[in-house]
Each structure stands twice: as structure tokens, then as C-alpha cells.
Amino acid sequence: MSHAWRPVFVVLAAIVFFLVARVILVPSDFSAKNGDYKYQWHRLSSEQYWKDFPVKHKGMEFCGMCHVPILEKLKGGGHQNVQCENCHAMFNPEKKSHPIDLKEISGYLLNIGTDRSRELCKRCHAELPYRPSTYTDPKKGTVKFKMIDPDKHNPSMECAMCHDVHSAGFKTAAK
Amino acid sequence: MNLSRRELLKMGLVAVCGTVIPLSALEILTPEAAASLIHPFSKKKRWAFVVDTTKCVGCGMCAKACKLENEVPFDTEVQRTWIERYVQLKDGKVIIDSPQGARYGYTKNDPQGKEIKDSEVAKGLFVPKLCNQCEKPSCVQVCPVGATYKTEDGVVLVDRGWCIGCGYCITNCPYFARFFHPITNTADKCTFCYHRITKGLNTACVDSCAFGARKCGLINDPESEVFKILSTERVSVLKPEYGNEPHVFYIGLDHIVR
Amino acid sequence: MEGHMAHGALWTVKELFTYPNEYIYWTITIVVYPYITGLVAGAFVLSSMYHVFGKEELKPVAKFSLVFSFALLLMATSPLMLHLTQPFRSINIMLTPHFYSAIAAFTIVYLSYMAIVMAEIWFVFRPFIIEQAMEKKGLLGLIYKAMTLGSFDVSEKALHTDEKIIKILAAVGIPAAALLHGYVGFIFGSVKTVPLWKTPLMPFIFLMSAIISGVSVCIVTYITGMALKRNFICGASIRSMCKVLVWFLVAAFILEGVDIIFHAYTAEESWGIMSELLFERFAFNMIVVQWFFGMIVPLLLLLLPRLTMLRAFISSALVLIGVFTMRWDVVIGGQSMSRSFAGFLTYKMPIIPNSIEALKEGPILITMLLLMPFFLLFIFNKILPVFIEVFNEEDCGFTEGLLSGKDSAKH
């Protein structure tokens with residue numbers, strides 16, 4: 001046979017080597033689901049990875065298991081749609097201040113603490129010309145939304161000095 | 001003209017039926033059902049999202065909850081969901097911003113960091129954004145290794161163990177919903193909280209929204225709020241011109257929204 | 001900043017409104033990648049001009065440009081590897097290719113093309129390899145013996161077969177080279193979200209600029225190499241290369257011009273921001289460097305009568321700079337316009353390698369990467385006689401005579 005075939009053999013050998021390697025290296029569950037090669041070509045096990053991703057926000061039902069009075073107060077007031085984590089989940093782990101290690105006891109993974117800064121309340125209640133002035137409550141219908149000008153409304157004071165943030169009313173003198 | 005009694009009766013019957021039948025027909029067909037006749041949704045299970053921009057106050061609680069729920073480092077400047085602010089001034093100028101993806105919320109009238117007087121503002125709105133979970137996701141189409149895919153129920157996910165990090169999907173997303181996750185070093189994006197919706201929970205952003213501006217549900221389920229809104233209200237999508245068939249529907253968009 | 005920085009935040013400066021996840025994701029590595037593949041394609045086409053079209057005056061550069069094309073080809077994927085955030089998984093693209101993606105087939109196109117180039121080199125240098133394999137002892141001898149692939153046939157008949165095969169390979173190699181680089185153009189042209197890239201002309205624009213840069217790099221390297229060795233340089237070869245350069249320069253200029261005119265005339269939504277990019281932010285890069293000094297000036301220099309070696313060298317060097325700037329303007333410029341059409345992103349290359357990412361994305365590795373093909377050529381030249389067919393004055397005069405004879409015969 002002519003010498004000219006030798007490079008062809010080299011190429012063929014490389015292809016065979018690659019095909020064998022491919023059989024070993026490609027995960028067995030890699031396939032085009034439903035025959036959809038365009039949009040569903042993947043490792044099927046990856047779907048399970050995302051299904052098994054840990055749930056972190058558990059909402060007021062979870063917190064209310066212990067904090068019964070607060071939950072009751074919350075449910076009767078203007079903050080009934082505000083989840084506990086909105087204010088109490090700390091993005092800064094150093095601010096974690098929950099007395100019980102929730103992770104150990106119930107596998108709850110967020111860092112719970114208390115943020116008393118005006119900045120937190122301003123996220124909803126600072127008046128902006130384009131911030132909706134009313135909101136729709138499923139039970140009460142259209143409700144006027146309480147907004148203040150943070151520069152004029154008792155600047156430098158903590159909101160919680162006067163306001164009971166759980167009942168969304170004023171703190172009673174009895175306390 | 002002479003009308004026989006019989007003809008008169010016939011005409012009367014037609015007239016009565018003509019007025020009654022359309023009314024009764026409307027009674028049988030609920031608005032949702034009528035709408036679904038015009039635009040029948042597929043029977044296939046499919047997740048979709050509705051954002052009502054008229055209800056969004058720009059508190060950014062959704063962006064915060066999303067980052068914590070999905071373990072995207074909080075201070076890294078990437079967002080699975082974010083809120084944009086569009087402010088049109090009285091002189092016609094439009095200022096758009098989304099400082100830190102609004103995960104700390106909007107607390108001042110300072111678009112793009114410059115404080116402006118309330119009296120200068122003509123109109124403005126907040127627009128929450130997230131992955132549009134497109135029916136024809138261009139990001140999936142361009143992945144060279146099959147590391148991103150659409151699930152059967154319409155959610156686009158990334159295989160963190162297979163992604164090579166070429167960035168082609170990021171470049172091909174019209175909405176810039178994708179980014180590189182700083183810890184896994186792979187492409188990352190909103191998953192509609194796949195771990196939550198598949199367990200019957202709401203997404204973290206929907207849960208954290210006190211104003212009901214966000215809704216996630218099955219587009220084919222007549223009981224879901226998403227279906228009800230889509231079949232009765234006027235909704236629009238972002239950048240339909242790219243042909244991706246996005247599945248996040250908006251109420252109250254404006255032409256200045258990009 | 002404490003904690004984790006977003007990939008891209010290190011070198012992206014954002015202005016006005018850009019989406020929160022918007023960064024320059026494709027950086028200097030992706031500028032260099034089409035640049036190198038372009039040089040590959042251009043150098044190969046040049047060598048094929050001799051092998052296929054029988055341009056005798058290109059004989060002295062034919063072998064050199066073929067081997068140089070291979071040296072460049074070996075480095076073509078390295079910028080891609082640097083660019084990946086998971087480079088160790090790059091094999092996945094071969095394991096589970098998703099051919100709906102414009103980049104999935106790249107490895108196949110690349111490897112097929114590499115097979116063609118390597119085969120052609122083998123056939124071209126076969127007699128020399130066999131000679132060395134029989135003479136040399138020790139490690140070098142072993143290398144040559146391996147390179148023979150076990151065939152020591154240098155009969156008249158065998159050599160005749162070689163010549164035929166070389167011609168076929170060189171001919172097949174031209175569309176393959178065009179495909180390789182047109183394909184790179186397609187990768188950009190098919191990105192529907194970047195208005196500067198999204199044009200069906202992109203593959204052709206890339207191809208034309210590839211050829212001009214490839215021819216130019218051969219002219220520059222050849223003249224430099226010969227001058228360093230104080231060898232005679234044949235004017236006929238240089239003039240012939242410059243002629244190729246002129247034709248493709250004109251084609252490249254027209255294509256790029258048509259592209260911009262279309263964008264301006266149709267003035268779609270993106271034109272507002274694109275015109276600001278072209279005429280303000282990238283005006284120096286695009287208009288001054290890319291078009292004026294990268295195309296118009298070299299074209300004029302080459303078209304002036306009595307072309308000198310120096311002028312050929314200068315215009316080729318200018319073209320090389322111009323094409324590099326063009327790659328920069330396309331890759332960086334395209335991403336500089338925010339997808340919101342309401343803001344800009346500026347690319348600031350991290351100069352000081354104070355982190356792995358800054359090193360990967362910095363100028364040091366990229367410069368090394370760009371110099372590697374020259375180093376590889378130097379090594380290959382030790383093993384294979386790349387410059388053996390360099391014309392002496394006599395050969396050159398003969399070829400010149402042939403050429404002028406042809407010309408006068410035509411008239």
C-alpha cells in the first residue's frame with residue numbers, strides 16, 4: 001500500500017481513541033430529553049440538584065410556631081403581608097442575634113437578627129414621587145400607603161421608638 | 001303588508017332568541033374560558049410569571065430574599081432578580097438606574113446618584129426583572145456543551161458541574177439575566193426557585209413581596225392566578241423582537257422601559 | 001472590596017444605565033482569538049497560492065507560510081482556554097457537543113483543519129525527514145524516525161504522488177481555512193443581542209481581514225527573518241504578496257464600509273448608541289487606527305509606483321496593527337454598548353497581576369501568547385528546513401524575468 005495512506009491511519013487512530021475516551025467520560029444520564037436536542041440536551045441528574053437545593057425562607061408560619069403573640073399582632077395589622085424574613089434575615093452574618101441556633105434545631109439556614117435602622121423602613125415608607133400611594137389588600141381593598149419624608153419626619157430617631165413595627169401602629173403608653 | 005300570525009310568531013321568536021342567546025352564552029363561558037378559546041394555552045405544565053409594575057414600590061425585598069435564598073454572595077454585584085427605576089422628568093429626559101440591583105431598596109429620589117426635586121418628576125415606575133424563562137431560550141441554544149437546558153415545565157436551569165464558563169449564554173441573553181456565579185465560577189441565573197415551586201411553595205421573591213406585585217404559577221392551570229391574569233388582562237413582555245417567547249408577563253409597562 | 005467580586009467587575013467601568021449583570025464578559029483573550037485564527041487562515045492561503053495556483057515567485061515563502069500557519073494554529077485555542085472560567089472542563093465541548101451552538105463545532109473544524117495542515121507539512125517535508133531519519137542518531141534521529149510514520153519510500157513514483165497530494169491538500173485547505181475563520185465570524189455575527197456584531201456580513205468581514213493580516217504577518221516575518229540572517233530577499237516574492245494584500249484590503253474596506261452604512265441608513269433602535277460609539281468613544285480606534293492607518297494608508301503606500309522593501313514592510317506592519325484594532329473594536333466595542341441602549345461599559349485591562357484573574361486577563365500572558373507562534377516557528381525551523389528554498393539573486397532574477405515576460409506577452 002502506498003505511503004500516502006499513513007497520515008490517514010494516524011487520523012483514524014486519533015478518532016478511534018477519542019470515541020473510546022468519549023464512551024468512558026460522558027455521564028451515562030446525558031441525553032436529549034423528549035428527543036429535544038435543541039433545548040433539553042443535558043445531564044438529567046442536574047434537575048435533581050436544583051430540586052434538592054435547600055429551602056431557606058420559611059415565612060411567618062415557621063416563625064409563628066414559637067413567636068405566637070407576635071404572629072397574632074402581625075396578622076391583625078397593616079404588616080400582615082410582610083414576611084418576617086424581610087426585616088429579620090440578615091445579609092450580614094455578623095448581625096445574627098437569634099438566641100437559639102436555628103440551624104441545629106430545625107435546619108433553618110438564614111441568619112436571623114434585628115435591624116433597627118431607618119434605612120430598612122425607608123425601603124417602603126420613604127416618600128418618592130413615583131412610589132405608589134395606595135396598595136391593594138386582598139381583604140380591605142384599596143388602602144392608603146403610609147409614606148413620610150425621612151428628612152422631615154423625626155430625623156435621626158429610630159422608627160421603633162414610636163412605632164410598633166409588628167402591629168404597624170403606635171407603641172402604647174402602657175408599656 | 002300582511003303578516004300572518006304564524007310569521008309574526010316566528011319573527012318574535014327570532015328576536016327573543018337573538019337577544020337572549022348571546023347573553024346566556026356569556027354566562028356559560030366565563031371570561032377566562034372565553035379568553036382561552038381565543039388564545040388556547042397548551043395543556044402542558046408550564047411555569048410562568050406575572051409582574052404588576054403598578055404595585056411595585058421599589059423596596060427591593062425580593063432582590064434581597066432572592067440572594068439569600070439562592071446563595072448568591074450578597075455583596076457581589078450580580079443579581080438573579082433586580083428592580084429598575086425609570087424616572088421621566090418634566091423636560092422629557094429619562095433617567096434609568098438600578099443601584100446594586102436595588103437589593104438595598106430605593107429610599108431617595110436620586111436616580112443615577114443625583115438627587116432631584118420631586119417637582120421635576122413627571123412620572124416614574126419601578127420594574128422588577130428576572131429570568132424570562134423563555135420558550136425558545138437563546139441562551140440554551142448557544143450552549144456548546146449542553147450545560148444549560150429547559151426543563152419539561154419550562155424553567156431554564158444551569159448544570160453547575162458541566163458548564164465550562166465560556167460566557168456565550170450570557171452574551172446571548174437579551175435581558176442580561178445571566179452572570180458568572182462568583183463561587184461556582186459557572187453561569188448562573190434565576191431558576192424561578194425551582195426547589196420551592198416544585199415543592200408547592202412560592203418563589204422567595206413572590207413570598208417576600210408585601211404588595212403582591214409578583215406572581216408565579218402554572219400557565220395551563222385554570223386555578224392559578226397567573227392564568228387568570230393572562231387570560232383576562234392586558235399584559236406585555238420585554239423585548240419580544242428577539243423571538244425568545246419570554247414567559248414573564250408585565251402589567252403596566254411603559255415605552256421607556258428597556 | 002471584601003468578599004467575592006463579580007466576574008468582569010475588575011475590568012469594567014459602567015456609565016449611565018447598564019443592567020446589573022452587565023459586564024464586558026469577552027475581553028482581550030477573545031480579541032486575540034480571532035486575530036490568531038485570522039493569521040492562520042491568511043498564512044495558509046498564501047502558501048496555497050504557490051502550491052495550487054503555481055505562483056512561482058511565491059516559492060520562497062510557500063514552505064515558511066505553511067509551517068508558520070501551523071505554529072499559529074497550535075496557539076489559536078490558548079486564548080480560549082485562558083478565557084474560560086472552567087478551563088479544565090474544556091474537553092466537555094468534545095464529549096457532549098450541542099451543535100445548535102455556533103461554537104460547538106469549532107473543535108471539529110479546528111481539528112480537521114489541523115489534520116489538513118499537518119498532513120500537508122508531512123508530504124512537503126517527507127524527503128527531508130526520511131533523509132534525516134537515516135542519517136541522524138540519538139534522540140533527534142528517533143524524532144525523525146517517528147515523523148516518517150514508518151515509510152522510507154522516496155522513489156520517483158512516491159515523490160510524484162506526494163506532489164499530487166500536496167496540491168489536493170493545499171486546495172482543500174483553502175476552503176477549510178476560509179471555513180475556520182468565516183466560522184469565527186459567524187460566532188460573532190449570530191449573537192442577536194449585540195447590534196454591532198449582528199450582520200450576515202460578519203463572516204466575510206472576518207475572512208477578508210484574516211487574509212490581509214495573514215499575508216501581512218508573513219511579509220513582516222519573512223523580511224525580518226531574512227534581514228536578521230542577512231539573506232537576500234527577492235523583490236518578486238514581496239511584490240506578489242503585496243498584490244494579494246492590495247486586493248483583499250480593498251475587499252475588506254468595502255465590506256466594513258457597507259456594514260457601517262447599512263447600520264447608519266436603517267438607523268434601528270440601536271443606532272443612537274452605536275453612532276455615539278463609532279464617532280465619539282471609539283472614533284480614534286475605529287476611524288483613525290483601524291480605517292485610516294490600518295487600511296487607507298497601507299493601500300496608498302502599496303499602490304504608489306516602485307514599491308520598495310521598506311514600504312512593503314511598513315504597510316504590512318500597519319495592516320497588522322489595523323486588524324488587531326479591528327478585532328478589539330468588534331469584540332470590546334460591541335460589548336461597550338449597553339444592551340439597554342442607555343449606557344456604556346468601558347474596558348480597563350488589569351495591568352498589575354495581583355490576582356489569578358488579573359493575571360489571566362492581563363497583558364503579560366497575552367503578549368507571551370502572541371509571541372509564542374514566532375518561538376514555535378524558530379523551533380520548527382530547527383527541525384524542518386523552512387527557509388531552504390529561499391531564492392538567491394540568480395533565482396530571483398530568473399523569476400523576475402519570467403514574470404515580466406508573462407506581462408509583456410500579455411500586452
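Q: Let's start with the open spaces; how much space lies in the second largest pocket?
A: In this predicted model, the second largest pocket holds about 1300 Å³ of space.

Q: And which residues lie nearest its centre?
A: The residues nearest the centre of the second largest pocket are A:Val10, A:Val11, C:Met114, C:Ala115 and C:Met118, and they belong to a lining of 40 residues.

Q: Which helices supply that lining?
A: At least two lining residues each come from helix H1 (6-25) of chain A and, in chain C, from helix H2 (59-75), helix H4 (92-95), helix H5 (106-135), helix H7 (156-189) and helix H14 (363-383).

Q: Which one gives the most?
A: That is H5(C), which gives 13 residues to the lining of the second largest pocket.

Q: How does the lining divide into nonpolar, polar and charged?
A: The lining of the second largest pocket divides into 37 nonpolar residues, 2 polar ones and 1 charged one.

Q: What is C:Ile366 in contact with?
A: If its neighbours within four places in sequence are left aside, C:Ile366 is in contact with C:Ile28, C:Thr29, C:Val32 and C:Leu82.

Q: How far apart are C:Ile366 and C:Tyr110?
A: Their C-alpha atoms are separated by 21 Å, and the two residues are 256 residues apart along the chain.

Q: What about C:Thr37, where is its place and what does it touch?
A: C:Thr37 has its place in helix H1 (residues 28-51) of chain C, and, not counting residues up to four places away in sequence, it touches C:Ala76, C:His181 and C:Val184. C:Thr37 is also buried, with a relative accessible area of 0%.

Q: What lines the largest cavity?
A: Its lining includes C:Leu196, C:Met202, C:Glu256, C:Asp259, C:Trp291 and C:Asp329, and by class the lining of the largest cavity has 8 nonpolar, 1 polar and 3 charged residues. Helix H8 (202-228), helix H9 (235-266), helix H11 (283-303) and helix H12 (309-336) of chain C each supply at least two residues of that lining.

Q: And the second largest cavity, what is its volume and which residues lie nearest its centre?
A: The second largest cavity has a volume of about 100 Å³, and B:Cys143, B:Pro144, B:Cys163, B:Cys166 and B:Cys169 lie nearest its centre, among 17 lining residues. By class, the lining of the second largest cavity has 13 nonpolar, 3 polar and 1 charged residues.

Q: How many helices and strands does chain B come to?
A: The secondary structure of chain B comes to 8 helices and 10 strands, and of its 258 residues 59% count as buried.

Q: What pLDDT does chain B average?
A: Chain B averages a pLDDT of 89, and 84% of its residues score at least 70. Over residues 22-26 of chain B, however, the pLDDT is below 50, and this stretch has 1 contact in the model beyond near neighbours in sequence. Where pLDDT is low, the predicted coordinates should not be read in detail.

Q: Which residues of strand S10 in chain B are buried on each side?
A: Strand S10 (residues 248-251) of chain B has both faces covered, with B:Val248 and B:Tyr250 buried on one side and B:Phe249 and B:Ile251 buried on the other.

Q: In which sense do S1 and S10(B) pair?
A: Strand S1 (residues 47-52) of chain B and S10(B) pair in the parallel sense over 4 bridges, and B:Val50 has B:Phe249 as its bridge partner in S10(B).

Q: Last topic, backbone angles: what is phi for A:Ser156 and for B:Gln100?
A: A:Ser156, which is not a glycine, has a positive phi of about 70°, and phi of B:Gln100, also a residue other than glycine, is near 50°. Most residues other than glycine have a negative phi.

Q: Where are those two residues, and how exposed is each?
A: A:Ser156 lies in the loop between strand S4 (141-144) and strand S5 (163-164) of chain A and is exposed, with a relative accessible area of 74%. B:Gln100 is found in the loop between strand S3 (94-97) and strand S4 (121-129) of chain B and counts as partly exposed at 38% relative accessibility.

Technical notes: Residues numbered from 1 in each chain as written. Chains lettered and ligands numbered in written order. Predicted model: local features only at pLDDT ≥ 70, side-chain atom pairs only at ≥ 80, totals over all residues. Heavy atoms only, no water. 1 Å grid on protein atoms, 1.4 Å probe; cavity = no way out; pocket = protein on both sides within 12 Å on 5 of 7 lines; lining within 4 Å. Points joined across faces, edges and corners; volume = space filled by probe spheres on them. Nonpolar A, V, L, I, M, F, W, Y, C, P; charged D, E, K, R; others polar. Buried < 20%, exposed > 50% of the residue type's maximum accessible area, 1.4 Å probe, protein only. Pairing = 2+ DSSP bridges. pLDDT = per-residue confidence, 0-100. Contact = heavy atoms within 4.5 Å.
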